[in-house]
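Me: I have a model open and want to go through it with you. Here it is.

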Amino acid sequence: MKGRVLVTGAAGRLGAALVEAFGGDQVIAPGRRGLDVTDPVAVRDTIAAATPSLVINCAAFNDVDGAEDRAPEALAVNAFAVRSLARAAEACGATFVHFGTDFVFDGAADEPYGETALPSPRSVYGLSKLLGDWFALESPRVFVVRVESLFGAVEGWTGRQSSVDAILDGLESGAEVRVFTDRVVSPSFVHDVAGAVRHLVESCAAPGLYHCVNSGHATWHDVAVEAARLMGVRPRLQPVTLEQTAFKAARPRFCALSNRKLEATGCAMPAWNDALQRWLAARQIRNARVDKVHG
């Protein structure tokens with residue numbers, strides 16, 4: 001990829017991984033103070049001044065339950081800001097990349113969702129993200145990349161803990177870990193996702209909608225059992241179901257995504273348990289460094 005790359009939401013887990021993945025290029029990463037994505041004029045002027053060849057939007061309102069009470073804010077970030085960014089990117093001839101979510105589906109399926117599956121969000125968050133997908137896809141040079149259950153991080157990142165890391169921390173400490181037995185997911189390693197995005201924009205892949213997750217799917221209970229096996233620990237798991245959990249926003253029960261369209265471009269995503277093993281190895285190295293510093 002030649003030319004400038006502008007990344008919004010670069011302080012987040014995925015945004016930081018994308019900045020690293022495109023680190024050989026001229027990466028511009030305005031923070032929230034540097035660019036309010038909900039301000040169409042600021043978006044237009046910032047992108048016009050930067051003259052990027054690629055705009056990657058990782059900014060998002062990700063508080064699923066909070067969106068039920070803060071719908072205007074969720075829509076402003078997840079939908080209308082996407083429209084502004086897509087239009088500004090198109091105006092300067094840049095390719096636009098936006099990230100969607102499995103929450104656009106109702107979870108009633110029994111096989112991984114493909115890109116042609118009919119969306120049916122069950123929450124304000126899911127609806128706001130679906131609108132963002134649609135707004136982005138109005139532009140001709142766009143990749144909408146749906147991801148889910150992101151885990152992993154670049155070196156030194158200290159943001160919000162992922163569901164996978166909450167499980168790993170619990171297993172490491174010997175604490176009892178609550179895990180869903182009835183939510184089926186396709187965990188996604190941010191480094192694999194970032195690599196797939198680079199492949200899409202640098203190959204001859206047709207613009208449009210792509211699902212991008214680590215291959216395979218499992219319940220969160222299955223993920224915890226596999227993590228414990230890889231770590232060589234005996235897990236203390238407390239199985240729970242969605243009915244036993246008081247979420248304000250409905251969660252899709254089955255939200256695995258299919259990578260078939262992505263694979264057809266020549267990008268094969270590793271299996272989720274392979275990605276988990278690589279992340280555990282990286283965590284072990286990082287923890288050893290911390291212990292050495294404080295030891």
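Me: How many aromatic pairs does a search of the whole structure find?

Reply: The search finds 7 aromatic pairs. Rings of Phe, Tyr and Trp (its six-membered ring) pair if their centres lie within 6.5 Å; planes under 30 degrees apart count as stacked, over 60 as edge-to-face and the rest as tilted. Before going further: this is a predicted model, local features need pLDDT of at least 70, side-chain atom pairs count only at pLDDT 80 or more, and totals for chains, interfaces and linings use all residues. Residues are numbered from 1 along each chain as its sequence is written, and side-chain values use heavy atoms, with hydrogens and water left out.

Me: OK. F103 and Y125, which kind of pair?

Reply: Edge-to-face, because the ring centres of F103 and Y125 are 5.5 Å apart and the planes are at 80°. The pair links distant parts of the chain, 22 residues apart: F103 is in the loop between β4 and α4, and Y125 is in helix α4. Helices (H or I, at least four residues) and strands (E, at least two) are DSSP runs, numbered from the N terminus.

Me: Are F103 and Y125 buried or exposed?

Reply: Both F103 and Y125 are buried. Buried means under 20% relative accessible area, exposed over 50%, partly exposed in between (1.4 Å probe, protein chains only).

Me: And what about F105 and Y113?

Reply: The F105 and Y113 pair is stacked, since the ring centres are 4.0 Å apart and the planes are at 5°. Both F105 and Y113 are buried. There is also an aromatic cluster, formed by F151, F189 and W279.

Me: Switching to the sheet. What is the strand order?

Reply: The order is β2-β1-β3-β4-β5-β10, an open sheet of 6 strands with parallel pairing. Two strands pair if DSSP finds at least two bridges between them.

Me: Which strands stand at the edges?

Reply: β2 (26–28) and β10 (208–211) do; each has a single partner strand, so one side of each is left without a neighbour in the sheet. On average, neighbouring strands of this sheet are turned by 20° against each other, direction ignored. Axes are lines fitted to C-alpha atoms, for helices over the stretch in contact, and angles run from 0 to 180 degrees between N-to-C directions.

Me: How many bridges join β1 to β2?

Reply: There are 3 bridges between β1 (residues 4–8) and β2, and the two run parallel. L6 has I28 of β2 as its bridge partner.

Me: Where does helix α2 pack?

Reply: On the sheet: α2 (residues 40–50) touches β1, β2 and β3 (54–57), and its direction makes about 155° with that of β1. In the loop between α2 and β3 sits T51, which has a positive phi of about 45° although it is not a glycine. T51 counts as partly exposed, at 46% relative accessibility.

Me: And S149, what is its phi?

Reply: Positive, about 45°, and S149 is not a glycine either. S149 lies in the loop between β5 (142–147) and β6 (150–151), and at 22% relative accessibility it counts as partly exposed.

Me: Next, α3. Where is its kink centred?

Reply: On A81, with a kink of about 35°. The bend at a residue is the angle between axes fitted to the seven residues ending there and the seven starting there.

Me: What span should α3 have?

Reply: The 21 residues of α3 (residues 71–91) should span 30 Å, and the end C-alpha atoms are 29 Å apart, which agrees. The expected span is 1.5 Å times one less than the number of residues.

Me: What do the buried residues of α3 pack against?

Reply: They pack against β1, α2, β3, β4 (95–101) and α4 (124–136). Among the buried ones are A74, V77, A81 and L85. Contact here means heavy atoms within 4.5 Å. After α3 comes G93, with a positive phi near 75°.

Me: Last one. Is N214 buried or exposed?

Reply: Buried, at 0% relative accessibility. N214 is in the loop between β10 and β11 (218–219). Not counting residues up to four places away in sequence, N214 touches several residues, including S186, F189, N259 and W272. N214 and N273 are 59 residues apart in sequence and 8.5 Å apart in space, C-alpha to C-alpha.
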